[in-house]
Amino acid sequence: MSGKRILLLERGNFLPRELCNWQPLQVLDAGRYVSQDAWCDGAGSPFEPRVHYYVGGATKLYGAALSRLRPADFGEIAHMDGVSPAWPLGYEEFEPWYAKAEWLYQVRGMHGEDPSEGSWSEEYPWPPVSHEPLIQQIADDLERAGYYPFHIPRGIMLNEANPPTSLCIRCGKCDGFPCLVHAKADADIIAVRPLLSRLNVTVLVNAEVKRLETDPRGQSVTKVIVRRGAAREEYSADIVVLAAGAVNSAKVLLQSASARHPAGLGNGSGQVGRNYMCHNVTDVAALGEKPNETVFQQTLGVNSFYLANDSRRAAYPAGSSRRWPLGSIQMLPRDGTDRAVGFRLTTEDLPRPGNRVTIDRDGRPHLAYAATNGGEAAILRRELETMLGHADLRVAADESLVAAGPPADAIADQAGTCRFGTDPATSVLDVNCKAHELDNLYVADASFLPSVGAVGPALTVMANAIRVGEHLAHRLR
Ligand SMILES: Cc1cc2nc3c(=O)[nH]c(=O)nc-3n(C[C@H](O)[C@H](O)[C@H](O)COP(=O)(O)OP(=O)(O)OC[C@H]3O[C@@H](n4cnc5c(N)ncnc54)[C@H](O)[C@@H]3O)c2cc1C
């Protein structure tokens, strides 16, 4: 604890706890928790992004699949569409914060099941959520066929107070829904609410940061300009940490252009807003002979295609020979009315300078985006089909969520836009996530990622936020 006074400025409010939290018609069809905002695509056509401006941000609706990146993701990786760049630090250096994030977010999982994962300094705090019978059967079939099924690490709080037989596990919803019983380890429940009683912490909701202003020399942020309701307010702090999500953090920096920072705050490199990434995602529904009575289906993952076929061959089914890393396979939540078994295929998206956020005269973000690695996604889809044959499942339908879609479909895993690195000419942030060009400005959300791998970014963002927090505590001491 630093003893410093901390002010959290949040654009949205606390997400209401109500029965609608679990009602698909309200949440999925009516978009009850989608916040109003207006973005444009690269051609200037407006679209409504599916964003969630609440305390806890996108994690209020996330699936709480909390996976680490693979060690290889921290290095340079050759892909079909180009190179995924190396990070300024390696997996071994980053690992201690993964362990801290897994404990903070009470992750349930089992290290060692998945041969593609890196080393770990701590076991998970809780054992994994077990497979229900049909999913266990699929896992057994896949293992017999030479794949490496594993339990997806999940931030679901099923402890003595909230045992597996509770409402939570009968609900089966996590991904895309707020948790009515607050059993999902999201950033609101885990990282904000426990601090509300602290005298040195203040949370202001409905407080949208519009602009950051600096001293005349342009070296330190001296004012945070906020719109709260109809009022314009100003705040100041020794240290300012921006964590508004990859699009909105870029937007705030670009809106903060000044005589000293004409292209946007901290944007002497021209990199702010560039290298936007998400994931190349395909959802696949498969049918088998047996009825699917599973409730909580998102327990099984397969990373047998994550890495290219190289010396880490142990991670591949015998006899496979592939040149490219293809990505991860994880199960989807079950739609209660559906007898199909759902799988989500996630392929890495590459940082491209032209995939970028800009703002127009009215301050609206424009997101120019074209997905990468569609070829790898297509091979992964074929590998899935072969794999499912070993579990007596056949593909009934699939939907590519990103490859051909508009940017509106490429927002959930948004990342990049302010990448960290050692070279101020090619990165926005230094290794501690401080803006190269400012003394007291940090960015600590998914914008810092120089590459995004092929698993959800949340655990990596959480681990990095703890890392940056520890750096700040040290600096303030
Ligand atoms: C439906 C869904 C399911 C997902 N499932 C998973 C999953 O299972 N596993 C996984 O790893 N990832 C998942 N993700 C992605 C994950 O939630 C994000 O990667 C993660 O939340 C990113 O964190 P962030 O801090 O960058 O941004 P956010 O979580 O978006 O947080 C940004 C915060 O800043 C606030 N804000 C924005 N602009 C301003 C402003 N101008 N002033 C003040 N406040 C502002 C927002 O309201 C929000 O609270 C999912 C996302 C979605 C939408």
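Modeller: Happy to! Helices here are DSSP runs of H or I with at least four residues, and strands are runs of E with at least two, numbered from the N terminus. Helix α2 (residues 91–104) holds both phenylalanine 94 and tyrosine 98, which sit four residues apart, about one turn of the helix. The model is predicted, so local features need pLDDT of at least 70 and side-chain atom pairs count only at pLDDT 80 or more, while totals for chains, interfaces and linings use all residues. Residues are numbered from 1 along each chain as its sequence is written, and side-chain values use heavy atoms, with hydrogens and water left out.

Rings of Phe, Tyr and Trp (its six-membered ring) pair if their centres lie within 6.5 Å; planes under 30 degrees apart are stacked, over 60 edge-to-face, and the rest tilted. Searching the whole structure gives 13 aromatic pairs. One of them is tilted: tyrosine 91 with tyrosine 98, at 6.1 Å centre to centre and 40° between the planes.

Buried means under 20% relative accessible area, exposed over 50%, and partly exposed in between (1.4 Å probe, protein chains only). Tyrosine 91 is buried at 4%, tyrosine 98 is buried at 0%, and phenylalanine 94 is buried at 0% too. Ring pairs join Phe74, Trp87, Tyr91, Phe94, Tyr98, Phe420 and Phe448 into a cluster.
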